[in-house]
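Please read the following alongside the sequence and the coordinates.

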Amino acid sequence: MSYIDWAVLCCTLIAIVAYGVYKSRGAKDIDGYLLGNRSLPWYSVCLSVMATQASAITFLSAPGLAYSSGMSFVQFYFGLPLAMIVLCVTFVPIFHRLKVYTAYEYLEQRFDLNTRALTAFLFLIQRGLSTGITIYAPSIILSTILDINTTYTTLVIGGIVVAYTVYGGTKAVSYTQMLQMSIIFCGLFAAGIMVVHLLPGNIGFGKAISIAGKMGRTNAIDFKFDWNNPYTVWSGLIGGFFLQLSYFGTDQSQVGRYLTGASVSESRLGLLMNGMVKIPMQFLILLIGVLVFTFYQYNKPPVFFNSFELNKLEKSKYNPQLNQLKKDYEKAFEEKQTEVNKLDAALDQQNKPVIDQQRIALKKADEQTKVVRKQVTDLMLQNDPGADVNDNNYIFLSFVTKYLPKGLIGLLIAIIFLASMGSTASALNSLASTSVIDIYKRLINKNATEENYLKASRWSTVIWGLVCIAMALYASKIGNLIEAVNILGSYIYGTILGVFLVAFYLKHVNGRAVFYAAIATEAVVCICGYQKVVAYLWLNVIGCLLVVLFSLLFQLVIRKNWKLVKRKSA
């Protein structure tokens, strides 16, 4: 990067962190530290909720996903607006009325301590692991820019986020997220315009989309019902609805965002606006990935997008083989470019038979470049069995650093950093609040002072920060980051959602029944996920429905046993 880009990056980050710390000064108790004294307006709630969900993973992996497989991932969010409506009707007023710090406090009031502890434990596992992945995402950026191992960049980035979250608490998180999302929207719009501007003069926006479409990258909607396809309209509407309902309704990283609202109305309006804006925002991010794909049909992409791994191979004894593969890749790309130009001409003439013929020829030429890339990754593994051979997360970053103008590069990289900082800070804050409120205050030290609980919250943030950084060091092994986070959540969210639905609507079910139901369900979901019985989004539906079903069955058994015991005692 140039000095201008470094200046833009550093000034943006410093200004936002300083603003958040300034606005959050004066937190003297856990209500101020964890929930910002429940005083934030709806727009702050909305942007904070969006920023918590839109991590650096979104801006690194989503364009790469669209580049590799198209826009079908947008269907993942189709259940979000429905989930927001249900949340506003049920979860929000209940949590506000009870004035809870965490979602799991309600479960002890409704059931018992065991159920509260179990759901809090499941949340801590899931969110702790996911936050590690979130910290890893921006470390990829520094690793690529500085050409150093992601281990060092992970430690630096994790340390920065932990530091300002420990100091400012939830207000630092919320105020910085509000400014972050404003910058993010501007930066994404600028990136989309620049991608189109960098295309050849005769390739406008419409033709760029057409070319990508002929190669299967604009497949945003799929109405086929397929249990094994994670991205269809039905998996998004049904499976996505259950996942989003659980994520926003029971995950403390999100519950903690809208509990900061000054009233029920402020929280509701913030959530509804999030439901309206999120799908267009995700569509834009994926569309940028599709445009980058078209750009690389006219400009030769790297043989491998992860420059650190590629440089490592270039310095190894396998460099002669790599050089030969680069020549093969150059030849394959030239052949593909010939087919792209023919398709371009056919589109101008609107000659459908030739268009269909060239689409097939272009896909065949594209497959040849993939064959060479596969040979390169095989060579990487020969050189280093632990090499990261999935470069999906580096595609958009590679484009940004090589082709965008000075200043805009620094801004876009700052955006990815800001997204990571916002979502990571929210997660650390939620991990700390759950640990202190649901475990420390409830089980370990029930009668401590407010000062003691505030101190415990800060130390809990530090400890969870270290745990998440440790997890981030292993995140390079899990493939596409945005899919990994959602897959991990699907193993747990359905079970937790089922517990809350039983709590809200099945008043005759007691704590013992739902506790055993949750344990049995989690075992079934893990088996289904491990065996890949269905696509991962359906695990949320299975988990939720099984908790409800098992709770009813266990309650029936417990009631029968109780009646039998009562008769014997009589």
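Helix 16 gives the largest share of the lining of the largest pocket, 6 residues. Helices here are DSSP runs of H or I with at least four residues, strands are runs of E with at least two, and both are numbered from the N terminus. The model is a predicted one, in which local features need pLDDT of at least 70 and side-chain atom pairs count only at pLDDT 80 or more, while totals for chains, interfaces and linings use all residues. Residues are numbered from 1 along each chain as its sequence is written, and side-chain values use heavy atoms, with hydrogens and water left out.

The lining of this pocket is made up of 22 residues, and those nearest the pocket centre are Tyr-67, Ser-68, Phe-305, Lys-370 and Arg-373. A pocket is found on a 1 Å grid over the protein atoms alone: it is an open set of points where a 1.4 Å probe fits, with protein on both sides within 12 Å along at least five of seven lines, whereas a cavity is a set from which the probe cannot get out; lining residues have an atom within 4 Å of a point. Rolling a probe the size of a water molecule over the atoms shows where empty space is left. The volume of the largest pocket is about 410 Å³, counted as the space filled by probe spheres set on the points, with grid points joined across faces, edges and corners.

Which helices supply at least two residues each to the lining of the largest pocket? They are helix 4 (56-69), helix 13 (264-298), helix 15 (319-349) and helix 16 (352-383). Sorted by class, the lining has 9 nonpolar, 6 polar and 7 charged residues. In this sorting Ala, Val, Leu, Ile, Met, Phe, Trp, Tyr, Cys and Pro are nonpolar, Asp, Glu, Lys and Arg are charged, and the others, Gly among them, are polar.

Aromatic rings come next. The structure holds 30 aromatic pairs; rings of Phe, Tyr and Trp (its six-membered ring) pair if their centres lie within 6.5 Å, and planes under 30 degrees apart count as stacked, over 60 as edge-to-face and the rest as tilted. Tyr-67 and Phe-305 form an edge-to-face pair, because their ring centres are 5.9 Å apart and their planes stand at 85 degrees. Tyr-67 belongs to helix 4 and Phe-305 to the loop between helix 13 and helix 14 (307-314), so the pair ties together parts that are 238 residues apart in sequence. Tyr-67 is buried at 12% relative accessibility, and Phe-305 is buried at 4%. Buried means under 20% relative accessible area, exposed over 50%, and partly exposed in between (1.4 Å probe, protein chains only).

Phe-91 and Phe-504 make another edge-to-face pair, 4.8 Å centre to centre with 90 degrees between the planes. Phe-91 lies in helix 6 (residues 91-98) and Phe-504 in helix 21 (residues 493-505), so this pair ties together parts that are 413 residues apart in sequence. Both Phe-91 and Phe-504 are buried.

Apart from neighbours within four places in sequence, Ala-414 contacts Leu-9, Thr-12 and Leu-13. The C-alpha atoms of Ala-414 and Cys-10 are 7.9 Å apart, although 404 residues separate the two along the chain. Gln-126, in helix 8 (residues 113-146), is buried at 1% relative accessibility. With residues up to four places away left out, Gln-126 touches Asp-251, Val-485, Leu-488, Gly-489, Ile-492 and Tyr-493.

Most residues other than glycine have a negative phi. Gln-350, in the loop between helix 15 and helix 16, has a positive phi near 55 degrees and is exposed at 68% relative accessibility. Lys-532 also has a positive phi, of about 55 degrees; this residue sits in the loop between helix 22 (511-531) and helix 23 (537-569) and is exposed at 68%.

For the whole protein, the count is 23 helices and 0 strands. Of its 570 residues, 59% count as buried. Among contacts with a separation of 6 or more, 86% join residues 24 or more positions apart.

Terms used. Contact means heavy atoms within 4.5 Å.
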